Amino acid sequence: MNTILLLATSDGLAVCEASGDGWREIQRGLAGHQLTSVIAREGVILAGATDGVYRSDDLGRSWERTSTGLTLRHIRWLAFHPDISNFEFAGTEPAAIFISHDGADTWEEASEVARMRDEYGWSLPYSPEAGCVRGFAFNGARAYAAVEDGGVLVSSDAGERWRLADGSRGKPDHWPIQAYIHSDVHSIAVHPSSPDLVYAPTGGGFYRSMDGGATWTLSYGGCYCRAVWVDPADPEHMLLGPADGVDRNGHIEETSDGGHSWASASAGLEVPWRAYMVERFAQVGDELFAVLSNGELLVAPVGSLHWHAIMPELKRVAAVGFMKL
């Protein structure tokens with residue numbers, strides 16, 4: 001079975017295949033569109049853009065816009081439920097969640113998210129819009145969403161309806177209170193072994209929850225972070241992309257004891273990066289990809305975590321997806 005790599009960029013989607021010890025581009029689609037995310041399943045590719053969602057059924061050779069019902073078109077993140085076919089999610093800017101049950105042909109807004117957005121006054125420091133939803137995580141009937149700047153949302157029915165997690169105050173005030181998460185949440189992860197093991201990089205450090213978001217522990221303080229990778233075989237083994245501030249002195253660190261201690265995991269790199277940081281991690285097979293905030297793409301074997309840059313010709317990579325053929 002072959003793996004096709006999908007790279008969402010500022011100038012469309014690059015479809016890549018393995019070539020020797022690396023990857024090469026074999027197809028380009030949606031040129032001229034600023035993409036923010038990409039997902040693929042069951043032969044279908046969905047690309048999120050600043051002007052809606054696009055779908056391809058032929059490996060990116062042709063595309064159709066599938067934004068019916070999307071009253072907000074600036075997509076920040078796409079996801080699908082791993083256990084339910086044709087169940088897709090779109091997080092937008094301003095902050096809202098849209099749900100599709102038909103392969104993205106039509107979308108319906110989760111209206112309770114917009115009500116929370118207005119009630120708590122979610123916001124973004126770099127945009128006039130009222131916050132954004134920029135991450136999803138799923139384990140069975142439990143679903144989580146990351147809101148910048150607003151907190152963590154949780155669902156108990158696989159993502160149909162959403163509420164504020166008990167350990168999230170909802171107010172975008174960055175006020176540190178014990179057992180609560182920082183309000184500026186940049187991404188979210190849940191471990192496959194338990195729906196209660198949740199991980200969240202924030203503007204005020206890296207947080208973990210052992211009880212489904214009811215309470216949170218600061219596992220890496222004094223940093224600004226957007227990206228975490230959690231080993232699917234070991235919930236105590238994680239990679240984090242911390243920085244001293246927004247895009248300032250970024251690097252990669254690793255813990256094998258649940259965040260009690262951290263060590264550099266930046267082998268092969270010249271760090272700290274003075275003006276950028278890790279934006280996202282994505283595992284594809286035995287490789288781990290790191291998307292940097294300046295649009296560069298790094299890759300390392302999961303076993304060695306020795307990094308190198310790939311495909312420098314691409315303009316500003318924003319997200320990594322893949323498809324098995």
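User: Are Glu279 and Arg134 buried or exposed?

Analyst: This is a predicted model, and in it Glu279 is buried, as is Arg134.

User: What makes the contact between Glu279 and Arg134 a salt bridge?

Analyst: The rule asks for a side-chain nitrogen of Lys or Arg within 4 Å of a carboxyl oxygen of Asp or Glu. The side chains of Glu279 and Arg134 meet at 2.9 Å, N to O, and that value lies within the cut-off of 4 Å, so the contact is called a salt bridge. Because Glu279 belongs to strand β24 (residues 278–284) and Arg134 to strand β12, the pair ties together parts that are 145 residues apart in sequence.

User: Why is Asp118 called exposed, and why is Arg117 called buried?

Analyst: Asp118 has a relative accessible area of 56%, and since exposed means over 50%, the word exposed applies to Asp118. Arg117 has a relative accessible area of 13%, which falls under the 20% limit, and therefore Arg117 counts as buried. The side chains of these two residues, Asp118 and Arg117, meet in a salt bridge of 3.3 Å, N to O.

User: What makes the pair of Phe87 and Phe89 tilted?

Analyst: By the rule for rings, the count comes to 11 aromatic pairs. In the pair of Phe87 and Phe89 the centres are 4.6 Å apart and the planes make an angle of 45°. Centres within 6.5 Å make a pair, planes under 30 degrees apart count as stacked and planes over 60 as edge-to-face, so an angle of 45° leaves the word tilted.

User: How do you know that Phe87 and Phe89 are buried?

Analyst: Phe87 has 2% relative accessibility and Phe89 has 0%; because buried means under 20%, both values meet the condition. Phe89 also forms a tilted pair with Phe136, with 5.8 Å centre to centre and 40° between the planes. That pair links distant parts of the chain, with Phe89 in strand β9 (residues 88–92) and Phe136 in strand β12 (residues 132–139), 47 residues apart. Ring pairs link Phe87, Phe89, Phe136, Phe138 and Trp162 into a cluster.

User: Why are β12 and β15 called edge strands?

Analyst: Four strands form an open sheet in the order β12-β13-β14-β15, and the pairing is antiparallel. The edge strands β12 and β15 each pair on one side only. Seven bridges join β12 to strand β13 (residues 142–148), and one of the residues with a bridge partner is Gly135, whose partner in β13 is Ala146.

User: Why does Trp175 count as exposed?

Analyst: Trp175 has 58% relative accessibility, and because exposed means over 50%, Trp175 counts as exposed. Trp175 is found in the loop between β15 (163–164) and β16 (189–190). Together with Ile177 and Tyr180, Trp175 makes a nonpolar surface patch of about 310 Å².

Definitions and conventions
Residues are numbered from 1 along each chain as its sequence is written. This is a predicted model: local features need pLDDT of at least 70, side-chain atom pairs count only at pLDDT 80 or more; totals for chains, interfaces and linings use all residues. Side-chain values use heavy atoms; hydrogens and water are left out. Rings of Phe, Tyr and Trp (its six-membered ring) pair if their centres lie within 6.5 Å; planes under 30 degrees apart count as stacked, over 60 as edge-to-face and the rest as tilted. Buried means under 20% relative accessible area, exposed over 50%, partly exposed in between (1.4 Å probe, protein chains only). Helices (H or I, at least four residues) and strands (E, at least two) are DSSP runs, numbered from the N terminus. Patches are made of residues with over 30% relative accessible area and no salt bridge: like charges are joined within 9 Å, nonpolar side chains (Val, Leu, Ile, Met, Phe, Trp, Tyr) within 5 Å. Accessible areas come from the Shrake-Rupley method with a 1.4 Å probe; for residues, only the protein chains shown count as cover. Two strands pair if DSSP finds at least two bridges between them.
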